[in-house]
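Here is a friendly briefing to read alongside the coordinates.

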There are 2 protein chains.
Amino acid sequence: MSADLAALVTAIAQRARAASLVLATTPTAAKNAALLRLAELLPTATDAIFAANQRDLAAAQENGLTAAQIDRLTLNPARLAQLAESVRQVAELPDPVGEELDRTTRPNGLAIRRLRVPIGVIGIVYEARPNVTIDCAILCLKSGNASILRGGKEIFHTNTALAALIQQALAHAGLPADAVQLIPTTDRAALNTLLKLDQYIHCFIPRGGESLIRFVTANSTIPVIKHYKGVCCVYVDRAADLAMAEKIIVNAKTQRPGVCNAAEQLLVHRDVAEQFLPAAARALIAAKNVQLRCDPASAAILARAGLPHTAATPEDFSAEFLDYILAVRVVDGLETAIATINRDSSAHSDAIITTDEKAAQRFLAAVDSSAVFWNASTRFNDGFEFGLGAEIGISTDRLHARGPMGLRELCSYKWLVVGDGQVRG
Amino acid sequence: MSADLAALVTAIAQRARAASLVLATTPTAAKNAALLRLAELLPTATDAIFAANQRDLAAAQENGLTAAQIDRLTLNPARLAQLAESVRQVAELPDPVGEELDRTTRPNGLAIRRLRVPIGVIGIVYEARPNVTIDCAILCLKSGNASILRGGKEIFHTNTALAALIQQALAHAGLPADAVQLIPTTDRAALNTLLKLDQYIHCFIPRGGESLIRFVTANSTIPVIKHYKGVCCVYVDRAADLAMAEKIIVNAKTQRPGVCNAAEQLLVHRDVAEQFLPAAARALIAAKNVQLRCDPASAAILARAGLPHTAATPEDFSAEFLDYILAVRVVDGLETAIATINRDSSAHSDAIITTDEKAAQRFLAAVDSSAVFWNASTRFNDGFEFGLGAEIGISTDRLHARGPMGLRELCSYKWLVVGDGQVRG
């Protein structure tokens with residue numbers, strides 16, 4: 001890559017680090033002032049944004065993007081108003097910085113406190129969604145982190161226009177301009193440089209498909225928080241309330257199939273399979289014509305009931321369909337369900353439906369997933385639904401943050417130790 | 001590398017993953033039973049351990065290791081008794097697994113709890129210290145994690161003998177043999193394979209020198225918790241109690257200079273430099289003949305006082321000496337001290353000595369280090385001193401754990417959600 005590009009990216013990272021030291025002690029009021037100013041600007045500075053968005057949309061047409069892809073790129077007054085509302089909501093959330101996590105006084109008199117502090121500099125790499133530019137910038141800002149944003153080339157002009165508004169909002173509140181920076185190129189070489197700047201950047205969050213996340217993970221010397229796929233399972237126990245189970249599997253599968261907490265697999269205890277499966281199949285087909293990919297036992301039951309289904313391949317039982325498709329199997333008991341889920345799910349969100357508290361407690365304890373549900377839809381694994389107020393994603397990592405990541409999860413902590421001259425003996 | 005070696009290492013990781021699912025719900029009593037059995041075995045099973053240790057020591061002599069290196073490899077009855085005692089102490093610590101971190105009930109009635117759970121499988125790669133084998137095995141076991149240990153070749157036979165004792169202890173308590181596994185080869189290719197097995201291993205902790213840590217970080221697709229160097233600073237403010245400052249810098253520099261929380265740099269406010277520096281220099285020289293590497297201002301003061309010193313190079317001001325050497329400079333005020341430390345320290349442990357509370361609070365807030373001290377020695381940044389009961393290291397990362405890592409920091413968490421049929425609208 002060119003030395004110029006490397007120097008440009010390195011300078012951005014250095015300036016972000018300097019800004020992060022200012023942000024770390026910036027009062028909540030100043031951060032909120034910037035956010036509220038941005039919320040004012042978004043629905044009003046529409047000329048510049050729509051002109052930039054049109055350039056991206058024209059290129060998208062030219063490059064033959066699908067209608068769905070183009071829709072995701074598109075900004076309109078309603079979407080800007082929605083973005084502004086989400087900025088206002090983040091301004092209203094409590095500031096996580098400075099929260100005391102614990103305190104202790106040691107026998108030697110040292111008073112030790114652990115306080116929440118920003119991580120420092122966070123790099124975000126993402127694909128073609130303009131809302132991610134705003135979401136990530138505001139969540140990092142509120143949590144006192146400097147951010148470096150690197151969006152997809154399909155949305156480059158729109159992002160540039162949005163970044164200009166963010167700059168106005170930062171200036172309005174007297175915050176450093178380098179608190180939020182957009183990488184001014186979509187050259188992949190710039191990303192490669194960025195991923196090695198571990199002396200300035202403390203964390204990377206890729207937001208996008210699995211291949212993007214794997215690329216970042218394989219090439220980064222900076223810690224990465226990953227948001228991989230969700231292969232989520234619903235297990236209907238022998239002691240399930242079958243009407244509740246039917247309602248939950250229909251919701252978990254069909255309410256929004258394209259997201260990571262949608263169910264991809266149904267496991268049914270053999271004692272209730274004969275009764276439950278035909279009813280569930282009818283409901284799933286009635287709701288969204290869900291295609292059922294069945295193991296031999298469940299296929300036999302649906303065949304006897306004269307209901308449509310196909311034979312599952314082995315891959316179907318660890319697939320993230322993100323579509324109106326569901327893998328189905330019959331299991332011989334709770335322990336098999338647990339072992340199957342721990343082997344084949346992606347440890348994201350898994351549910352048991354049962355009235356048997358002992359079975360439920362065993363499932364909650366033994367299923368090794370970020371969120372485990374008893375008698376509720378997997379679709380609730382979400383920062384808003386869990387009460388975090390906002391989320392930057394749902395971590396599939398086990399270090400630092402697991403499951404929904406809100407403002408707290410964008411923070412680190414530090415130890416403050418106060419003595420009166422103690423030395424170590 | 002040979003396919004056999006790759007298959008061997010992969011099988012170890014798969015078995016560790018299976019064992020981790022058992023450990024995740026293993027009661028505290030069983031984990032403690034294994035630990036207490038190990039504590040009994042260590043001081044008694046001496047024949048096998050000393051025979052193995054002799055093989056390593058003979059090879060070390062042959063390979064020309066230094067006396068200090070050989071000493072670190074050596075096990076004797078006193079050291080085994082000490083190891084046994086540390087195992088007993090970990091058995092006595094509270095079990096972090098299952099601790100409730102928070103709970104909430106959402107407006108829709110969902111009851112959400114966040115519970116501490118083990119991370120899963122932890123890989124440890126370390127150099128030639130047999131105590132690390134025991135330390136890491138017991139901390140991972142107590143926190144419910146399966147561990148894969150890969151020690152240095154210099155200590156291979158000793159580690160193999162220690163691992164056999166651990167196996168006996170696990171069997172005694174009915175725990176899976178694969179809960180603690182030693183990689184049975186020191187071939188570097190095995191490590192390279194291990195670092196890519198992110199489907200089975202959830203976290204890597206390298207314990208050793210910077211080059212080992214950098215190698216692991218650059219080659220791993222598994223999250224790594226790093227324990228880099230400590231370039232720790234002590235700032236003596238204009239309002240310092242100078243007698244206290246002298247005592248603290250002598251302790252921070254000389255009490256144990258080879259560790260990461262020892263001070264490497266002294267910053268003195270110019271208003272007290274003339275008075276403080278000669279006294280501090282005399283004390284440091286009297287204590288351990290500390291070599292002072294000075295900036296021009298501090299050099300001039302020491303020259304006038306007729307005290308030995310050398311001119312610092314620019315590198316000295318970001319160096320980890322791990323020796324009786326101290327970089328010294330005069331700063332023109334608190335903000336310069338803070339900016340200097342944030343630029344040149346390694347963000348590990350930094351201290352201010354002052355009687356001015358306002359200055360101290362500003363320093364505590366603005367110095368971006370894992371532990372910030374007011375009127376106490378940097379040497380206290382340590383898991384035992386902070387009350388964690390034990391530590392696996394001092395993290396220089398900002399994600400997951402920062403500063404001392406005890407049992408809690410070897411854990412992740414999961415979300416347990418209990419409903420009565422809730423679906424998402």
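Ala347(B) sits in the loop that joins helix H13 (334-344) to strand E12 (349-353) of chain B. Bear in mind that this is a predicted model.

- As background, most residues other than glycine have a negative phi.
- Ala347(B) is not a glycine, yet its phi is positive, at about 60°.
- Ala347(B) has 23 other C-beta atoms within 10 Å, and because 20 or more are needed for the label, it counts as buried.
- Asn289(B) also has a positive phi, about 50°, although it is not a glycine.
- The loop that holds Asn289(B) runs between helix H11 (270-288) and strand E9 (291-294) of chain B.
- Is Asn289(B) buried or exposed? It has 10 C-beta neighbours inside 10 Å, and the limit for exposed is 12 or fewer, so Asn289(B) is exposed.

**Two buried sites in chain B**

- Ala312(B) belongs to the loop between strand E10 (310-311) and strand E11 (325-331) of chain B.
- With 21 other C-beta atoms within 10 Å, Ala312(B) is buried.
- Which residues does Ala312(B) contact, leaving aside neighbours within four places in sequence? They are Arg293(B), Cys294(B), Asp295(B), Phe317(B) and Ala327(B).
- Val132(B) is part of helix H6 (residues 130-142) of chain B.
- Val132(B) is buried too, with 22 other C-beta atoms within 10 Å.
- Once neighbours within four places in sequence are set aside, the contacts of Val132(B) are Tyr126(B), Gly151(B) and Arg207(B).
- Val132(B) and Ile392(B) are 260 residues apart along the chain, and their C-alpha atoms are separated by 8.8 Å.

**Helix packing: H2 and H7**

- In chain B, helix H2 (residues 28-41) packs on helix H7 (residues 156-172) at an angle of about 140°, and the axes are 8 Å apart.
- H2(B) and H7(B) are therefore oblique to each other.
- The crossing of H2(B) and H7(B) is right-handed.
- From H2(B), the contact draws on Ala33(B), Ala34(B), Arg37(B), Leu38(B) and Leu41(B).
- From H7(B), it draws on Leu165(B), Ile166(B), Gln168(B), Ala169(B), Leu170(B) and His172(B).
- In chain A, helix H2 (residues 28-41) and helix H7 (residues 156-172) cross at roughly 140°, with axes that come within 8 Å.
- That angle makes H2(A) oblique to H7(A).
- H2(A) and H7(A) also form a right-handed crossing.
- The residues that make this contact include Arg37(A) and Leu41(A) of H2(A), and Leu165(A) and His172(A) of H7(A).

**Helix packing: H11 and H12 of chain A**

- Helix H11 (residues 270-288) and helix H12 (residues 296-304) of chain A pack at about 70°, with their axes 9 Å apart.
- H11(A) is therefore roughly perpendicular to H12(A).
- This crossing of H11(A) and H12(A) is right-handed.
- H11(A) contributes Ala273(A), Glu274(A), Leu277(A), Pro278(A) and Ala281(A) to the contact, and H12(A) contributes Ala297(A), Ser298(A), Ile301(A) and Leu302(A).

**Domains of chain A**

- Chain A is divided into domain 1 (3-228 + 404-418) and domain 2 (232-380).
- The C-alpha centres of domain 1 and domain 2 of chain A lie 37 Å apart.

**How the two chains pair**

- The same surface serves both copies, as 100% of the contact residues of chain B recur in chain A.
- The contact takes 57 residues from chain B and 57 residues from chain A.
- On the side of chain B that touches chain A, the elements that give two or more residues are helix H9 (210-219), helix H10 (242-254), helix H14 (357-366), strand E13 (371-376) and strand E16 (411-422) of chain B.
- E16(B) gives the largest share of that side, 11 residues.

How values were computed. Residues numbered from 1 in each chain as written. Chains lettered and ligands numbered in written order. Predicted model: local features only at pLDDT ≥ 70, side-chain atom pairs only at ≥ 80, totals over all residues. Helix = DSSP H or I, 4+ residues; strand = E, 2+ residues; numbered from the N terminus. Contact = placed C-beta atoms within 7 Å. Domains from an automatic or database assignment. Axes fitted to C-alpha atoms, helices over the stretch in contact; angles between N-to-C directions. Parallel < 35°, antiparallel > 145°, perpendicular 65-115°, else oblique. Left-handed = near helix turned anticlockwise from the far one by under 90°.
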